[in-house]
Amino acid sequence: MAIYAITYDLNKDKNYQKLWDEFKKLDACKAARSFYLVNLNNSTSDVIAHFQGFIDKDDILIVVKTTIHDIKTYRPLKGTGAWIKENS
């Protein structure tokens, strides 16, 4: 398993709900407004390909494989610290 940091910008058609529902389904952590952490057993290419199915062609999506013990936060959304602790 690996922790991925995922951020996005939805442009013209801002259909956030289907993307948010997928993050919830995968037990991802919403650490900031459009920044999630998710623990997956996939490659970075697989992760970005998967999430492309939930956004439009004009949207922005960035996926970064992280080293969980190097994550530091300052005032993330509630529950982020516990999620990191549970998934590290």
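Which residues are buried in helix 3 (residues 80-87)?

## Helix 3

In helix 3, the buried residues are T80, W83, I84 and N87. Because these buried residues fall within an arc of 100 degrees when seen down the helix axis, they line one face of the helix. The arc is taken from the directions that lead from the helix axis to the C-beta atoms. Buried denotes under 20% relative accessible area, exposed denotes over 50%, and partly exposed lies in between (1.4 Å probe, protein chains only). Helices (H or I, at least four residues) and strands (E, at least two) are DSSP runs, numbered from the N terminus.

A82, K85 and E86 are exposed on the other side of helix 3. The cover over the buried residues of helix 3 includes strand 1 (2-9), strand 2 (29-32) and strand 3 (35-40).

## Basis of the model

The model is predicted: local features need pLDDT of at least 70, and side-chain atom pairs count only at pLDDT 80 or more, while totals for chains, interfaces and linings use all residues. Residues are numbered from 1 along each chain as its sequence is written, and side-chain values use heavy atoms, with hydrogens and water left out.

## Strand 1 and its partners

Strand 1 is largely enclosed by the rest of the structure, because 6 of its 8 residues are buried. Strand 1 pairs with strand 3 in the antiparallel sense over 6 bridges, and I3 stands opposite N39 of strand 3. Strand 1 also runs antiparallel to strand 4, to which it is joined by 7 bridges; here A5 has V64 as its bridge partner. Two strands count as paired if DSSP finds at least two bridges between them.

I6 belongs to strand 1 and is buried, with a relative accessible area of 0%. Its contacts (heavy atoms within 4.5 Å) are F23, S34, F35, Y36, V38, V47, F51, L61, I62 and V63, leaving aside residues up to four places away in sequence. Although I6 and Y36 are 30 residues apart along the chain, their C-alpha atoms are separated by 5.2 Å.

The side chains of K25 and E22 meet in a salt bridge at 3.9 Å, N to O. K25 and E22 are separated by about one helical turn, because they are 3 residues apart in helix 1 (residues 16-25).

K25 is exposed, with a relative accessible area of 64%, whereas E22 is buried, at 6%. Not counting residues up to four places away in sequence, E22 touches H50, F51 and F54.

## A nonpolar surface patch

I60, I62 and V64 make a nonpolar surface patch of about 240 Å². Patches consist of residues with over 30% relative accessible area and no salt bridge; like charges are joined within 9 Å, and nonpolar side chains (Val, Leu, Ile, Met, Phe, Trp, Tyr) within 5 Å. Accessible areas come from the Shrake-Rupley method with a 1.4 Å probe, and for residues, only the protein chains shown count as cover.

I62 lies in strand 4 (residues 60-66) and is partly exposed, with a relative accessible area of 43%. I62 is also one of the residues that I6 touches.

Definitions and conventions:
A salt bridge is a side-chain nitrogen of Lys or Arg within 4 Å of a carboxyl oxygen of Asp or Glu.
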